[in-house]
Each structure stands twice: as C-alpha cells, then as structure tokens.
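Subject: Structure for your files

Dear colleague,

Here is the structure I said I would pass on. Please look through it first; my notes come after it.

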Amino acid sequence: MKNLLLLFSIAFVFSACEKGKSATEKSLSKTDSADWKPVDSAVATKAWMEYATPGDLHKMLAKYDGNWAGTSTMWMEAGGKPVTNPSECTNKMIFGGRYQQSNYKGNFMGMPFEGMSLMGYDNARKKFVSIWIDNMGTGIMHAEGEWNAAKKSLEFKGTMADPARPDKECNFREVYVFTDDNNHTMEMYGPDSKTGKEYKSMEIKFTRKK
C-alpha cells in the first residue's frame with residue numbers, strides 16, 4: 001500500500017510540474033532535454049523510496065523534541081553591550097519524522113518575539129535544510145547545513161534579506177552544538193552593520209524543561 005501511495009505521489013508531482021510550467025519554462029525544458037538521461041522505473045522508484053525514508057540523522061533530530069527553556073543573548077553590533085532575555089522553544093517532528101518544526105517565543109528590544117523554523121535532512125542532497133520565519137520581518141530565511149559527528153554540531157549557512165539594503169542579501173551562519181540530550185546551544189553570526197565583517201549576533205542556551 002505504501003509503495004502504491006508513493007508511486008501515485010511521484011506521478012502527481014511529475015504531472016503537476018509539467019502542468020505548472022510556463023511556455024518559457026517548457027521551452028527551456030526542451031533545451032535541457034539534450035542532457036536528460038533516462039532512468040529505469042524500478043531504479044527511480046527505489047531512489048524515491050530512499051529519498052522519502054527517514055534515517056539516522058532524522059532520529060537524531062527527534063531526540064530534541066519537547067519543551068525547552070532558553071536564555072537568549074544578543075549583540076546589536078560587534079563589541080556591543082549584550083542584552084539577555086528568557087525564551088522558550090517547543091520542538092516536534094512532523095510528517096512521519098521527516099522534519100522538525102520548532103516554535104520560539106521570547107522578547108526582542110522590549111517587544112514580544114515569535115518565530116518558527118522547519119529543519120530536516122535531505123537524503124538526496126546529503127545536507128540539512130532549514131527555513132525560518134518570525135514576526136520581526138516578512139521574508140523567509142533559507143539555509144543548508146553540515147553535520148559534524150565528532151563535535152556533535154550542525155552548522156548552517158544561508159542568506160537573508162537586508163532591509164537597509166533592499167538590492168542586496170547578506171550571509172549568515174547558525175551553529176547548533178548538542179551538548180547532551182538535555183542541553184544544546186544555538187549561535188548566530190552575521191555581518192556587522194558598520195564594517196560588514198562577520199560577528200556573533202546571538203546565542204541561545206537551551207535546557208530541557210522537566
């Protein structure tokens with residue numbers, strides 16, 4: 001039954017992609033077809049099954065499901081005075097253990113702050129992927145990450161909008177360090193507004209709520 005549902009999903013995706021293409025996209029598809037290599041249906045089905053099946057790194061994320069108390073420290077500029085506030089986070093694996101949804105609450109410059117992330121491991125690309133949204137903006141942050149098993153850390157790199165420079169995006173990094181099952185830390189790095197050089201803009205230390 002699962003195989004049948006998966007085959008139906010694959011067929012639906014292929015059909016939807018083709019129907020959703022503009023004339024330009026279809027023209028480009030014809031151009032790209034010169035490089036297209038046929039794939040046996042059995043091979044394709046096996047690849048999709050492997051792509052859709054959660055693995056060890058998804059299970060690693062699931063270990064951090066639950067409710068967390070956080071201490072957030074922010075620096076508005078390099079060498080600036082740190083501002084510390086309490087925060088909280090709830091993590092929950094969704095879609096059969098394929099992605100982790102995280103909901104954050106805290107304070108930013110005296111205002112209520114809410115944010116949400118989706119994080120997962122892309123079996124095909126062999127990378128962690130994430131998106132982030134919050135009530136302090138109207139954009140979506142995208143990032144890709146690499147897992148360091150020796151350090152039990154996950155480093156994401158991505159780009160985000162710079163409202164002060166609408167024609168440009170800025171780079172950012174996030175580093176998660178999983179100290180143990182009940183403690184982990186997230187650090188965020190971005191460009192200093194005066195120099196453009198990377199600096200540590202935020203750190204959140206999480207402890208599992210009992």
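Predicted model: local features only at pLDDT ≥ 70, side-chain atom pairs only at ≥ 80, totals over all residues.

Residues are numbered from 1 along each chain as its sequence is written, and side-chain values use heavy atoms, with hydrogens and water left out.

Overall fold

The chain has four helices and 10 strands (DSSP runs, H or I of at least four residues for helices and E of at least two for strands, numbered from the N terminus). From the N terminus on, the order of elements is α-α-α-α-β-β-β-β-β-β-β-β-β-β. The 10 strands close into a barrel in the order E1-E2-E3-E4-E5-E6-E7-E8-E9-E10, with antiparallel pairing (two strands pair if DSSP finds at least two bridges between them). Neighbouring strands of this sheet are turned by 25° against each other on average, direction ignored (axes are lines fitted to C-alpha atoms, and angles run from 0 to 180 degrees between N-to-C directions).

Of the 210 residues, 29% count as buried (under 20% relative accessible area, with exposed over 50% and partly exposed in between; 1.4 Å probe, protein chains only). The chain exposes about 14100 Å², of which carbon and sulfur atoms supply 59% (Shrake-Rupley method, 1.4 Å probe). Among contacts with a separation of 6 or more, 37% come from residues 24 or more positions apart (contact means heavy atoms within 4.5 Å).

Strand E1 and its neighbours

Strand E1 (residues 66–74) pairs with strand E2 (residues 83–94) in the antiparallel sense over nine bridges. On its other pairing, E1 is joined to strand E10 (residues 198–208) by seven antiparallel bridges, and there Trp 68 has Arg 208 as its bridge partner.

Met 74 belongs to E1 and stands opposite Val 83 in E2. Leaving out residues up to four places away in sequence, Met 74 touches Lys 81, Pro 82, Val 83, Phe 108, Ser 201 and Met 202. Phe 108 is 34 residues from Met 74 along the chain, with 8.9 Å between their C-alpha atoms.

Strand E9 (residues 183–191) runs antiparallel to E10, and nine bridges join them. Thr 185 stands opposite Lys 205 in E10. The hairpin of E9 and E10 has six residues between the strands, and Gly 196 takes a positive phi near 80° in it.

Ser 153 lies in strand E7 (residues 153–161). Ser 153 counts as buried because its relative accessibility is 10%. Its contacts, not counting residues up to four places away in sequence, are Glu 146, Trp 147, Asn 148, Tyr 176 and Val 177.

Cavities

A search of the whole structure finds three cavities of 30 Å³ or more (on a 1 Å grid over the protein atoms alone, sets of points where a 1.4 Å probe fits but cannot get out; lining residues have an atom within 4 Å of a point). E3 gives the most, with three residues.

Regards

Definitions and conventions
1 Å grid on protein atoms, 1.4 Å probe; cavity = no way out; pocket = protein on both sides within 12 Å on 5 of 7 lines; lining within 4 Å. Points joined across faces, edges and corners; volume = space filled by probe spheres on them.
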